[in-house]
Amino acid sequence: MATPLRSNRDFRLLWLSGLFAVLGGQMSALALPLLILRTTGSAVQAGAVGTVSVCALLVTMLPGGVMADRVERRRLMRLCDAGSLAAVTALTIAVWYGHAPMVLVLLVATSGAVLSSVYAPAAFGLMRAVVPPDQMGAATARLQARTATVRMVGPLVGGALFGIHEALPFAAQFLGLLLSTLCIALVRTRSEARTRAGSVFSRRELTAGLTFLWQLPYLRTVLLVFGLGMNFAFGALTFTALAVFSDNGTSGLGSGFVITCVSAGSLAGALLAPKVAPDRHARALIIATCWSCVLTAAALAWFSSAVLAGVLCALCMALSTIASIGFLSTLLIVTPEDRIGRVQSAAGFLSSIVQPFGPLAGGLLLATLGTRSAFGVIGCVLAVSAAVVTLSSAVRAGATPPPERPETLEKPPAAPGPAPEEASARPVHDAAAGPGAL
């Protein structure tokens, strides 16, 4: 009988590691642009920090997945933590002494994004070795709940610390990374690909994850329609709602309420997910999410109410979070162990690449068509995506893993350190992140 998650020592350590790291990251994510604004007074330079981070993450996401399939994943996570600690230490010292040049800030932001692109697929691989397949849905839900909670609390704490002293958020991030590194060091399980990936910059290796996703019609359809199309459209929807209910920037009350509701919906979805077995009802949840977004766009086209917008967006976000957990759990099980890093990075890449353009599209529609027409066009895009998911035979059929390649059946190389206590006794099938929460 599998060990319950609450008694799974290594899973608890992974959960705590992510808690400390994400909390520190959320605090610094708010403090970095505030620091640039205070230092230079330039909103353009402050915005450039976020742009550089997103671009660096997207560029290095696929190579990071290859790295996670080449190096023992726990060791790789520790190396990434060490690199992050060095970068944050340098920035903290510079800010404390009142000299943090823009070059250093951009360097820290870039290095953080690059290290994250390596750390994330390695973390998914290690979690797959720590958690049995039948507990993957519950484990993923707990990780989502942790992240949603921290995203609500982190910026508030970071802003408060920045108000006391501008170096404190970065000092807190350093402490979080230190605790995260300690937790990873205490994890006993190892996770190493049976057949290691080739060169990091080989076209074959960089596209291996995309190739695997394309081979499975269910994964391909859900990622392209739900992960890519719906993320883009919902990003446009939420930005349009924020702009409308802020009275063109003159009031933050309505837009702030919508943002709070979206965050609360994400947390509620993560908490409810274990009760509805999302891995068993992924298709129904995905369809429900898509059509709830369509109804939300239609309602906002006719009713101008920040309360209604917040409640409907919260509902969409809760359903999206549960559906994403179900999809991720399926993906974690069907993906072969030797491709976990590359598939995770490919799925994350597909889900993330269009997200920056959603708000831009929403703004353009609002400026050119007006409120009602903007919501109407977004609703039509959402309706097309919803119809494709609903009628798709590939989505109805579900995910069936392709036959294992002969080389993956070879005996895996011995991992350094003590052997995994449970992972070595079951088939190792790691996977990737599914579509991000809408």
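Against which helices do the buried residues of H14 pack? In this predicted model, the buried residues of H14 pack against helix H9 (217–245) and helix H15 (371–391). Helix H14 spans residues 357–369 and comprises 13 residues. From its first C-alpha to its last, H14 reaches 18 Å, close to the 18 Å expected at 1.5 Å a residue. Gly358, Ala361, Gly362, Leu365 and Leu366 are the buried residues of H14. Viewed down the axis of H14, these buried residues fall within an arc of 130°, so they line one face of the helix. An α-helix has 3.6 residues a turn, so residues three or four places apart point the same way. Leu360, Leu364, Ala367 and Thr368 are exposed on the other side of H14. After H14 comes glycine 370, with a positive phi near 95°.

The count of salt bridges comes to seven. Asp69, Arg73, Glu205, Glu337 and Arg342 are linked in a network of such bridges. Aspartate 69 pairs with arginine 73 in a salt bridge, with the closest N and O atoms 2.9 Å apart. Aspartate 69 is buried at a relative accessible area of 0%, and arginine 73 likewise counts as buried at 0%. Aspartate 69 also forms a salt bridge with arginine 342, where the closest N and O atoms are 2.7 Å apart. This pair links distant parts of the chain, 273 residues apart: aspartate 69 lies in the loop between helices H2 and H3, and arginine 342 in helix H13. Arginine 342 is buried, as is aspartate 69.

A salt bridge also joins arginine 73 to glutamate 337, with the closest N and O atoms 3.7 Å apart. Here arginine 73 in helix H3 is linked to glutamate 337 in the loop between H12 and H13, 264 residues apart. Glutamate 337 is buried, with a relative accessible area of 3%.

Technical notes:
Residues numbered from 1 in each chain as written. Predicted model: local features only at pLDDT ≥ 70, side-chain atom pairs only at ≥ 80, totals over all residues. Heavy atoms only, no water. Helix = DSSP H or I, 4+ residues; strand = E, 2+ residues; numbered from the N terminus. Expected span 1.5 Å × (residues − 1). Buried < 20%, exposed > 50% of the residue type's maximum accessible area, 1.4 Å probe, protein only. Arc of directions from axis to C-beta. Contact = heavy atoms within 4.5 Å. Salt bridge = Lys/Arg side-chain N within 4 Å of Asp/Glu carboxyl O.
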